[in-house]
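Open the model in your viewer and keep the sequence panel beside it. This tour gives one selection at a time and says what is there.

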Amino acid sequence: MRHSSTQQLHAYWLRKRGGSPAPLRSAIEPAAIVPLLGDLFILDAAAPGTAPFRLAGTRFCANLGRELTGSDFLSLWPSADRDALTSALGAIVSNGATAVLEVLGRTGRGNPLTAEMLLLPVSQDGRRIDRVLGLLAPLERPYWLGLHPIPQLEIAGLRWLPREEAPPARPTVLATPPPAASPAPLGRPAASEPPLAAGRRHQHLVVLDGGRD
C-alpha cells in the first residue's frame, strides 16, 4: 500500500478482526479513525452482482460530485471493469480476501487523478461476511479536487494482500488533522443501516498475486 491512509485503515481493521476472518461492523469505531472518515465507505455486499453504498464519506462524495449513499458502487466504473470488480467483491465476501486497487479518474475538464482504494471484509452479524469497508485515498490532492467532479473511476491494477494475523491490540495512532479543520463525518447512512456509533470515545486488468494463502 502506497498511501498512509490505506495503511492506517488496514492496520486498524487487522486489530479489530482479531482471530476472525472479518471484524464485526459494530466494532468499527469512528472515534478511532477520525482523520479517515471523509474518504471512507461501507458497501452492502450481501447480494451478488450489486453493492450499494450504505455509508459514504463526505470527501469521497465531493470528489465524485454527488451523494453516493444508496447508489451502486459498480455504477462508478466502466462496463469493462465491472466484471472484475464483481469477482473481487465475491472473493472478499466468500474468502475474507483483502484487495488494493490502483484507481484512475479524470474530471470533465481533463484533470487526471491517481488514487489507491482499499477493500476489506466486514461482518454485520458475525455469521457471514456481507459488508465491505473501503477507502479511496488520492495520491495527490490538487486544488481542484472536490470542486470539479470525477464522473467515473477506472481500475489500473488490482492486488490481493497476503493474509495476516492480527497484531496485538494497541492504541491506534493516526495523523491528527489540522486544528482549524473539523473532521469530515461519514455521509448520511441508508435508512436500514444503523449509524456508526458517533459520540462514543470518536479493477483487460493486470492482477498481481500478493501472496494470499
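**Stop 1: an arginine on the outside**

Select R127. At 71% relative accessibility, R127 counts as exposed, because exposed means over 50% relative accessible area, buried under 20%, and partly exposed in between (1.4 Å probe, protein chains only). R127 forms a salt bridge with D125, and their closest N and O atoms are 3.1 Å apart. A salt bridge here is a side-chain nitrogen of Lys or Arg within 4 Å of a carboxyl oxygen of Asp or Glu. D125 is partly exposed, at 33% relative accessibility.

A word on the model before moving on. It is a predicted model, in which local features need pLDDT of at least 70 and side-chain atom pairs count only at pLDDT 80 or more, while totals for chains, interfaces and linings use all residues. Residues are numbered from 1 along each chain as its sequence is written, and side-chain values use heavy atoms, with hydrogens and water left out.

**Stop 2: the next pair**

Select R128 and D130. Their side chains meet in a salt bridge, at 4.0 Å from N to O. R128 is partly exposed, with a relative accessible area of 47%. D130, at 5% relative accessibility, counts as buried.

**Stop 3: the whole chain**

Clear the selection and colour by secondary structure. The chain has three helices and seven strands. Helices (H or I, at least four residues) and strands (E, at least two) are DSSP runs, numbered from the N terminus. Read from the N terminus, the order is α-β-β-α-α-β-β-β-β-β.

The accessible surface comes to about 10200 Å², and 53% of it belongs to carbon and sulfur atoms. Such areas come from the Shrake-Rupley method with a 1.4 Å probe; for residues, only the protein chains shown count as cover. Of the 213 residues in the chain, 48% are buried.

**Stop 4: a salt-bridge network**

Select R59 and D39. What joins them? A salt bridge does, with the closest N and O atoms 3.1 Å apart. R59 is in helix α2 and D39 in the loop between α1 and β1 (40-44), so the pair ties together parts 20 residues apart in sequence. R59 is partly exposed, at 28% relative accessibility. D39 is buried, with a relative accessible area of 4%. D39, R59 and R141 are linked in a network of salt bridges. The structure holds seven salt bridges.

**Stop 5: the aromatic cluster**

Select F41, F53, F60, F73 and W77. These residues form one aromatic cluster. The structure holds six aromatic pairs. Rings of Phe, Tyr and Trp (its six-membered ring) pair if their centres lie within 6.5 Å; planes under 30 degrees apart count as stacked, over 60 as edge-to-face and the rest as tilted.

Zoom in on F53 and F73. This pair is edge-to-face, at 5.8 Å centre to centre with 75° between the planes. F53 is in strand β2 (residues 53-56), and F73 is in the loop between α2 (58-64) and α3 (79-95), 20 residues apart. Both are buried.

**Stop 6**

**Stop 7**

Select H3, in the segment before α1 (4-17). Its side chain reaches the backbone nitrogen of S5 at 2.9 Å. Leaving aside neighbours within four places in sequence, H3 is in contact (heavy atoms within 4.5 Å) with E116, A137, P138 and L139.

Finish at T114, in strand β4 (residues 112-122). Is T114 buried or partly exposed? At 30% relative accessibility, T114 counts as partly exposed. Beyond its neighbours within four places in sequence, T114 is in contact with E102, V103, L104, P138, L139 and E140.

Terms used
A polar contact is a pair of N or O atoms within 3.5 Å; within protein, one must be able to donate a hydrogen and the other to accept it, and residues adjacent in sequence count only if both atoms are side-chain atoms.
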